[in-house]
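Q: I am new to this structure. Could you show me how to read a few of its features?

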Amino acid sequence: MAKERFVEVYNQGIVNVVKIMVDTETGVNYVLGSHNKASGTGMTVLLGADGKPIVTPMD
């Protein structure tokens, strides 16, 4: 079976959900947020204080 492209490393909330996903190929972190699980979902790159994408080292 192929390796998962995105893995969830953080999850907060039940109705208003925030997740942090890591791209297993690039290590780039993304924030996925949804409001009410019916109103829509958005995903964007997670940035550090310096404005650069947060990257998790992939071994």
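Q: Which backbone oxygen does the side chain of N29 reach?
A: First, some ground rules. This is a predicted model, where local features need pLDDT of at least 70, side-chain atom pairs count only at pLDDT 80 or more, and totals for chains, interfaces and linings use all residues. Residues are numbered from 1 along each chain as its sequence is written, and side-chain values use heavy atoms, with hydrogens and water left out. A polar contact is a pair of N or O atoms within 3.5 Å; within protein, one must be able to donate a hydrogen and the other to accept it, and residues adjacent in sequence count only if both atoms are side-chain atoms. Here the side chain of N29 reaches the backbone oxygen of G27, at 3.1 Å.

Q: Is N29 buried or exposed?
A: Buried means under 20% relative accessible area, exposed over 50%, and partly exposed in between (1.4 Å probe, protein chains only). N29 has 6%, so N29 is buried. Its place is strand β3, residues 29-35. Strands (E, at least two residues) are DSSP runs, numbered from the N terminus.

Q: What does the side chain of D23 reach?
A: D23 lies in strand β2. Its side chain reaches the backbone nitrogen of E25 at 2.8 Å. The D23 side chain also makes a polar contact with the side chain of T26, at 3.3 Å. D23 counts as buried because its relative accessibility is 2%.

Q: How many bridges join β1 to β2?
A: Two strands pair if DSSP finds at least two bridges between them. Six bridges join β1 (residues 6-12) to β2 (residues 16-23), and the strands run antiparallel. The bridge partner of Q12 in β2 is V18.

Notes
Helix = DSSP H or I, 4+ residues; strand = E, 2+ residues; numbered from the N terminus.
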